[in-house]
Amino acid sequence: MNKQISRLALVGIVLISALILATTYWQAWAAGGLADRQDNAIQQVAQYTIKRGLIYASDGKTVLAANKPTKTADHILYFRRYPKGPLTAHVVGYSTRFRNRAGLERSENDYLTGANGNLGAVFSTEIDRLKGQTVKGNSLVLTIDANLQALANRALAGKCGSIVATEPTTGRVLVMASSPSYNPNAAEKPDFLQIVGRIKGGCDYVAPLLNRATSGLFTPGSTFKIVTVSAALDTGKFTPDSNFQDPGYCTEYGKPVYNSGNPDQNGPEQFGSLSLFTGFQHSVNSVFCNVGKELGAATVLDYAKRFGYYSVPPLETPINERAPSGLYKNHRLFRPKDPATQVDPGRLAFGQERMLTTPLQSVMVTSAIADGGTVMKPFVVARVLNPHGKTIRTTKPDELGRAVRRSTADEVTKMMIAAVTGGTGTAAQIPGIQVAGKTGTAETGVNHVNTTWFTSFAPADAPKIAITVVLEQQHGFGGTTAAPIARQIMQAYLSRGSK
Amino acid sequence: MARYTVPNADPYLLPMAGLLAAIGVTEIYRLGPNDAFKQGLWIVIALVLFAVTLLALRHDYRVLESYKYLFGIGAILLLLLPGVPGIGTTVNGARLWVHVGAFRFQPGELAKIFLIVFLAGYLREKREMLAQFRPKDVGPLLVIWGGAMLVLVETNDLGSALLFFGIFLAMLYVATDRLLYVGAGAVLFVVGAAGVYQVVGHVRERITIWLHPWTDGPVYCALTGGKALRQDCQSYQLVKSLYSIAHGSYGGTGLGKGTFVNAEGHSIIPFINTDFIYSALAQELGLVGASGLLLVYMLFVARGFRIALVATDGFSKLLAAGLTFGFALQTFIIVGGILRLIPLTGITLPFVSYGGSSVVANFVLLAGLLLVSNRANTERL
């Protein structure tokens, strides 16, 4: 019988070997895929045994996201708490126990849970795990200035809109406000969406969860003239002194396009003979309409792309929370195959047509002009700290590319200064500091209800801050509603900087 | 006691059983200290019965052979016990339990050993006859096949049926060296099981869960009567257990560091300390620990078969081979079910799982192996 017994023994050993192989399959091969499954209840808990890294404002002290330890039978779990509430809700986002995440909490999850970073960080995380200690994530220090952000939020209170401010020479995002905001501490509640739904704002489409700064698409109106005038000068087809005749309208496709349709323009209805410089200063549509016709839509769009239009602006927040700017058709980015026939160049030139722009894109244009024509990559995470507080990564300023020549940028700067000193943007003047800016007032289709803009930088000769303010459903104009807010924030920042 | 009664027995088996039981109690303690105390008590009872078995049979366990039909009948009675109204209990869709007052017992565990004793005796007597493979000898084979099917229908549990029939085929093969029996038996079993599959919803459900534990869209959920994703309904347990195993990865979370309750304090995996103890161990000990555990089982099985090889008489060889293969097959059926190698069935992991009947039965099984081993080694000296 021994032959049979030996064979049976082999069967027994093969059976148990199969178990070892199957265990290897699940623990080594399939583990990653299973961990990612939405219904993985183990992961839902286990990831909160990790003490997530904190998120700080630019001072490295103001805590924007902290941990709240909760004891269960197995572990101490660390859930999120947001001490500053709505202050930076759209940038920081939230992370709940059911793995709903938004903002940096979502996109920087690997750093915050210590799962990513450099080799040393991964190594120390594994050591902690082996030693049975609580795994601690890496902390983030943002570029957001908490005081300036608070000021921006106060300025936006009761309104729908957004404020984005950057440091033009580096691309550091100083302010990224979106109104109305929400309290990320409520994200944990089962009726979070109802709570958010009850938030009221000064517009029809309230959408408090939307980060208007990066995914709010607005008609840029006259702020787009910065792009058009950059194209006009950079191509060499126009100079600031190029002369135009303004009869109060511009003729396109045999029909007049009237200036009177432009609530942003100031001064007389008909300027008669004027220069491109004056046309920019007073935001005269007929001038830009003619510039657009002369350049052609393709050239204007090409320059827009150089400033970052038609691509999703780089930032550390999740990609689905950022939208590309450009022409839109049926709620989708429209890339005309033949711009000459498909796009109205005159209306495009003064920021109508179907052009839509995010506040972030707008401030990128302004920053580029301020920085002598180079587009800096915007960033919101300044540093990553390991659990002991040591910096393991510092974001270095990075150029996205050159939009226009330095000489073009300097000439556009002069025009923008003129717009503030004696044009449409006088409300942005700061005593003792030269401000360069451009207003925008885009009609919404409802009479006397406009999307108002102001985008500017200061000091004009050595820019420290660039800012875009956009407000929805306003009865005033860019120069009267948005410009004073921009001035207030620039002034607060610059007066502090000089101390 | 082992040293006194079976001085020449295999020296590895008892320590390995002790190790497995210790791992089991440790993990059960980690999952629920109260259960660990009860399990400890059961181990004490099991050790007493282990000692009683050794003492009673220390002179010559082969007297059992004379009572083989008693064991056969006993096995059948034990198997039928859960079906008796009033004391039988259905747990998780399978009828495996007997309830007498506060006392719960799974008679199938003991029936397994009784069956092996019966088969060892019966096959030793009839092996020459069976080996000639005459048509009239196929009768008893069919009877036992019928019995396995009865067990399947009776208990609603594919795992027990597979275990009993598997042991039977293995012992039949050892006794007769006829692979034809195994082949025919396997075909009959598959045919029978397919028939039962058509009739018994519980078995059908187990197969469906095994093949398609995840669904993309909602399917009919028998538990609620509504529609739900299968991973949130019938295969909830299997899927959560797989998540648990996967979470262990290579090194495991470490004992006591695993995750078995959610943030609200509710248990994530039902039956974690009985049927699913392996997924708890795999999470906390990782691939390294789980493989180590399985290697202990493999060693145990290897030593068991070694005993069968060195045993001198047919009854002893069949007994040792049957006990060892039963042990191996049971381990395969439950762990293989958890690992989705085969449909999941609710039987216990020998020595490790929480459960009195299982611990007692396995220590008695161990006693049997030690007795055979002792005799064989003593004769060789």
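Tutor: Let's start with A:Pro180, which sits in the loop between strand E8 (173-179) and helix H9 (192-197) of chain A. Keep in mind that the model is predicted.

Student: Okay, what makes the peptide bond from A:Ser179 to A:Pro180 cis?

Tutor: Its omega, which is near 0 degrees. Chain A also has a cis bond joining A:Ala458 and A:Pro459, with omega about -15 degrees. That proline, A:Pro459, is in the loop between strand E21 (450-458) and strand E22 (465-474) of chain A.

Student: Why point these bonds out at all?

Tutor: Because most peptide bonds are trans.

Student: And what about phi: what is the value for A:Gln473?

Tutor: A:Gln473 has a positive phi of about 50 degrees, and it isn't a glycine. You'll find A:Gln473 in strand E22 of chain A. We flag that sort of thing because most residues other than glycine have a negative phi.

Student: How do you know whether A:Gln473 is buried, exposed or partly exposed?

Tutor: Count the other C-beta atoms within 10 Å: A:Gln473 has 18. Buried takes 20 or more and exposed takes 12 or fewer, so A:Gln473 comes out as partly exposed.

Student: Then why is B:Phe351 called buried?

Tutor: B:Phe351 has 28 C-beta neighbours inside 10 Å, and the cut-off is 20 or more, so buried it is. B:Phe351 has a positive phi too, near 70 degrees, and its place is in the loop between helix H12 (314-338) and helix H13 (356-380) of chain B.

Student: What makes E9(A) and strand E12 (residues 272-275) of chain A a pair?

Tutor: DSSP has to find at least two bridges, and these two strands have 4, so they pair, in the antiparallel sense.

Student: Last one: how do you know which residues of chain A are in contact with chain B?

Tutor: Their C-beta atoms must lie within 7 Å. On that test, 39 residues of chain A are in contact with 51 residues of chain B. H1(A) supplies the largest share of chain A's side, 18 residues. By type, that side divides into 23 nonpolar, 13 polar and 3 charged residues.

Methods
Residues numbered from 1 in each chain as written. Chains lettered and ligands numbered in written order. Predicted model: local features only at pLDDT ≥ 70, side-chain atom pairs only at ≥ 80, totals over all residues. Contact = placed C-beta atoms within 7 Å. Nonpolar A, V, L, I, M, F, W, Y, C, P; charged D, E, K, R; others polar.
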